[in-house]
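Colleague: Let us go through this model and test its labels against their definitions.

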Amino acid sequence: AVLVRAERHLQRAFRGEAQWRGVNLGGWFVLEQGPSGPMWDNLPPVAEAATCEWTCCQALGPAQAKRLLDEHRRTYFTKRDFEEIRAAGLTHVRLPFGAWCIAGP
């Protein structure tokens with residue numbers, strides 16, 4: 001049902017019958033030092049020299065990287081954030097992500 005509503009809104013938006021109001025939620029799935037600042041500020045010493053998601057995960061090792069990424073992705077944006085986005089009148093969110101989030105490294 002939600003996808004049907006989304007599709008209808010997208011059709012109206014493409015026809016110019018509805019306004020697009022959106023926000024970019026960077027830093028959630030692509031870990032960049034700017035948008036994902038809190039995660040980078042609290043890295044364990046072994047990964048402090050990392051400059052990107054890849055080198056961070058390499059420095060941490062698979063188990064610790066998984067724990068860190070899971071925690072970040074579980075807490076960086078929450079259901080409450082999406083409720084506030086909707087309450088502000090926004091109709092769309094952009095969720096940038098790297099292909100490796102789906103396909104692996």
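**Labels and cut-offs**

Modeller: Start with His 92, which sits in strand S2, residues 92-94. This is a predicted model: local features need pLDDT of at least 70, side-chain atom pairs count only at pLDDT 80 or more, and totals for chains, interfaces and linings use all residues. Residues are numbered from 1 along each chain as its sequence is written, and side-chain values use heavy atoms, with hydrogens and water left out.

Colleague: What makes a run a strand here?

Modeller: Strands are DSSP runs of E, at least two residues; helices are runs of H or I, at least four; both are numbered from the N terminus. S2 covers residues 92-94, so it qualifies as a strand.

Colleague: Why is His 92 called buried?

Modeller: Buried means under 20% relative accessible area, exposed over 50%, partly exposed in between (1.4 Å probe, protein chains only). His 92 has 17% relative accessibility, so it counts as buried.

Colleague: Which residues does His 92 contact, leaving aside neighbours within four places in sequence?

Modeller: They are His 9, Leu 10, Trp 20, Arg 21, Gly 22 and Val 23. Contact means heavy atoms within 4.5 Å.

Colleague: What makes the link between the side chains of His 92 and Thr 91 a polar contact?

Modeller: A polar contact is a pair of N or O atoms within 3.5 Å; within protein, one must be able to donate a hydrogen and the other to accept it. Residues adjacent in sequence count only if both atoms are side-chain atoms. Here side chain meets side chain at 2.6 Å, so the pair passes.

Colleague: Why does His 72 count as buried?

Modeller: His 72 has 6% relative accessibility, so it gets that label. His 72 lies in helix H4, residues 62-75. Beyond four places in sequence, it touches Gly 27, Trp 28, Leu 31, Ser 36 and Met 39.

Colleague: How do you know that Glu 53 is buried?

Modeller: Its relative accessible area is 9%, so Glu 53 is buried. Glu 53 is found in helix H3, residues 53-60. Its side chain reaches the backbone nitrogen of Leu 31 at 3.3 Å. A 3.2 Å polar contact joins the side chains of Glu 53 and Arg 73.

Colleague: How many helices and strands does the protein have?

Modeller: There are 6 helices and 2 strands. The radius of gyration, taken over C-alpha atoms, is 17 Å, well over the 13 Å of the globule rule for 105 residues, so the protein is more spread out than a compact globule. That rule is 2.2 Å times the number of residues to the power 0.38.
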